[in-house]
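Thanks for coming. I have one structure to go through today, and I will keep to what can be computed from it or read from its record.

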Amino acid sequence: MGFETTTALTCTTAFCLVICWIWFRQRFPENLKELPLPPGPEPAFIVGNLKDIPTGGREWDGYAALACKFRDDVLYLRVLRTSILSINSFDAANELLNRRGAVWSDRPRLPMIRTCDGWDWNLVLQSYHEGFFTHRRIVQQHFQPGVVAREYRPVMLSEVTVLLQNLLDTPQHLSDHLKRMAAAIIMMVTYGHRVVSDDDPFVQLAEEVRRHSEEALGAALVDTLPILKYLPSWIAPFKRTALFKRGLSDQMREAPFIAVKKQLASGKAVRSMVGSLLEDESRPTDGSDEELIKNCGGVTATALTNFFLAMILYPDVQRRAHQELDAKIGRKRLPRFEDRDDLPYLGAILKETLRWKSVTPLGIPHCTTKADEYNGSFIPARTTVLANISAMLHEKEVYHDPDEFNPDRFLSQNPEPDPARAAFGFGRRICPGRFFADDSVWIAMGQKEGKYNNVQWSSGSVSVPSAFFCDIQPRFDGAESLVGHGD
Ligand code: HEM
């Protein structure tokens, strides 16, 4: 090799090193201590860890397996320019997402879903700065335990009565009945709108939006390369789909909101969250945040479906629940909210239902607003944080025999931790509907009385079990006659 060639090679290498160094300092300007990144698989050139990201179902188990391989509860991956941190233990989540909530509570920018699909109004996706605090406060106020008990329990009881009647008539349609019940409770609470048939237009619309948004979540390349959103729709087919979804999303926001306004104007409005917001002039009245809440009904329905499955798979648990109901309530009436303290086994079943199959196994991604350090590692600003809730609720050191459905784990002398500490998320983004969800799942569980086929839980932000056969029977002869009677 000649002198010139060697010099040219040396200069080119030095130049590349300088560029890489500048790029690194720009990308990680805060890493003044030059700390290492948390452990994780070696990233490939440009694409980073694209091939290491778990896909193809049960992604939460994939992240847990990777964490196990790298012998750490936090795991670092990079996809193109996006840093991703997977948290796989409650202790790490508690330290980072609860204690350091001021820095760890943003949501990642998801331009495809938020802007193109028209979900930018959605509190779940809302960034930490865009009026988040006002919106969050309004939603939280409407779902405090006292408000849930006073305002929403009667609605839950009435809709659970409809559920029982439907289950007596067509027990084979369990999943549809549960979805209908969850949607009906949310529609009543949010808009004062009573769902009387399965073809209710607002519920159908919400279901269509939910189906399309599930297809979009996480799939969009635009989320990794935001510049793509500026491409014209004739060369970017995803933009045409996005426009269609945007139309649906706008309709979902507008239609029930206009209906409440009309009812208020005619003096026929039933008490509801949107109604009271519209009447209170000091509050924002665009109806946006209340809209998204009805999607959350799907999460509640999934938790209940998991409960039915557990009762089929674990007949001994079901038998003991019936014994408790017979001993404490008797057979002359159905359980009421006031009976909760007298039914500890049913309470333990509710906790175990939330733990056994997490309905939101990877939570909803958080994002860091500033760079931070954890256990001697550097966490870059704007890191997408995936809390592996399923892994946290199956930690072997915390939950004995974690795959078993065993409510007794919460009733022993040394009870295992309440799954609510992880199941509803963390810190400043913790689920504001948790008290509401807890009550509605409890009251529906206490009222009913199953064969099953092979069940699989779906991927996605909400993990739904596949269809299963279920033989539902009243708890005792004559129970049918109690449906719809307060006592
Ligand atoms: C069993 C039922 C439910 C479970 C397991 C559940 C779980 C969760 C989880 C894990 C999060 C993410 C928290 C985080 O980012 O750390 C969340 C957020 C949220 N949930 Fe729930 N949820 C349930 C039911 C509900 C219900 C019934 C409502 C409404 C009435 C609701 C409203 C919300 C809202 C608005 C957020 C977004 C909060 C924010 O980003 O600030 N959820 N939920």
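Predicted model: local features only at pLDDT ≥ 70, side-chain atom pairs only at ≥ 80, totals over all residues.

The protein has 17 helices and 6 strands. Of its 487 residues, 39% count as buried.

First, the sheet. In what order do the strands of the open sheet run? The order is β1-β2-β6-β3, so named for 4 strands, and the pairing is mixed. At the edges stand β1 and β3, the latter covering 366-367. Each of these two has a single partner strand, so one side of each is left without a neighbour in the sheet.

As a reminder, strands of a sheet pair through backbone hydrogen bonds, either parallel or antiparallel. Here β3 pairs with β6, residues 384-387, in the antiparallel sense, over 2 bridges.

Helix α2 lies across β1, β2 and β6, and it runs at about 110° to β1. Helix α3 lies across β1, β2, β3 and β6, at about 130° to β2.

In soluble globular proteins, nonpolar side chains tend to be buried together. In this model the largest nonpolar core has 83 residues, and those with the most contacts inside it are I87, A93, I185 and V441. Which helix gives the most to this core? That is α7, residues 174-191, with 12 residues.

Let me stay with α7 for a moment. Its 18 residues reach 25 Å from the first C-alpha to the last, close to the 26 Å expected at 1.5 Å a residue. Of those 18 residues, 16 are buried, so α7 is largely enclosed by the rest of the structure. The helix is followed by G192, which has a positive phi near 70°.

Back to I87, one of the core residues with the most contacts. Strand β2 covers 82-87. Leaving out residues up to four places away in sequence, I87 touches D73, V74, A92, A93, L96, V385, L386, A387 and N388.

Where is R107 found? It sits in the loop between α3, residues 90-99, and α4, residues 111-116. Is R107 buried or exposed? R107 counts as buried, because it has 21 C-beta neighbours inside 10 Å, and the cut-off for buried is 20 or more. Beyond residues up to four places away in sequence, R107 touches L125, Q126, S127, P365, H366 and C367. For a sense of distance, R107 and T10 are 97 residues apart in sequence and 44 Å apart in space, C-alpha to C-alpha.

H142 belongs to helix α5, residues 132-142. With 24 other C-beta atoms within 10 Å, H142 is buried. Not counting residues up to four places away in sequence, H142 touches V147 and M273. H142 and V189 are 47 residues apart in sequence, and their C-alpha atoms are 9.7 Å apart in space.

Then there is C431, where the UniProt record, an unreviewed entry, places the feature "binding site". C431 lies in the loop between α16, residues 420-423, and α17, residues 434-445. Its count is 20 C-beta neighbours inside 10 Å, so C431 counts as buried. Apart from its neighbours within four places in sequence, C431 is in contact with F424 and G425.

Last, two backbone angles to check. R71 has a phi near 50°, a positive value in a residue other than glycine. R71 lies in the loop between α2, residues 59-69, and β1, residues 74-79. R71 is exposed, with 7 other C-beta atoms within 10 Å.

What is phi of N375 near? Phi of N375 is near 50°, again a positive value in a residue other than glycine. The loop that holds N375 runs between β4, residues 372-374, and β5, residues 377-379. N375 counts as exposed because it has 11 C-beta neighbours inside 10 Å, where the cut-off for exposed is 12 or fewer.

That is the end of the list, and I can take questions now.

Note on methods:
Residues numbered from 1 in each chain as written. Core = buried A, V, L, I, M, F, W, Y, C linked by C-beta atoms within 7 Å. Contact = placed C-beta atoms within 7 Å. Expected span 1.5 Å × (residues − 1). UniProt positions renumbered as here; feature names shortened; annotations may be inferred. Pairing = 2+ DSSP bridges. Axes fitted to C-alpha atoms, helices over the stretch in contact; angles between N-to-C directions.
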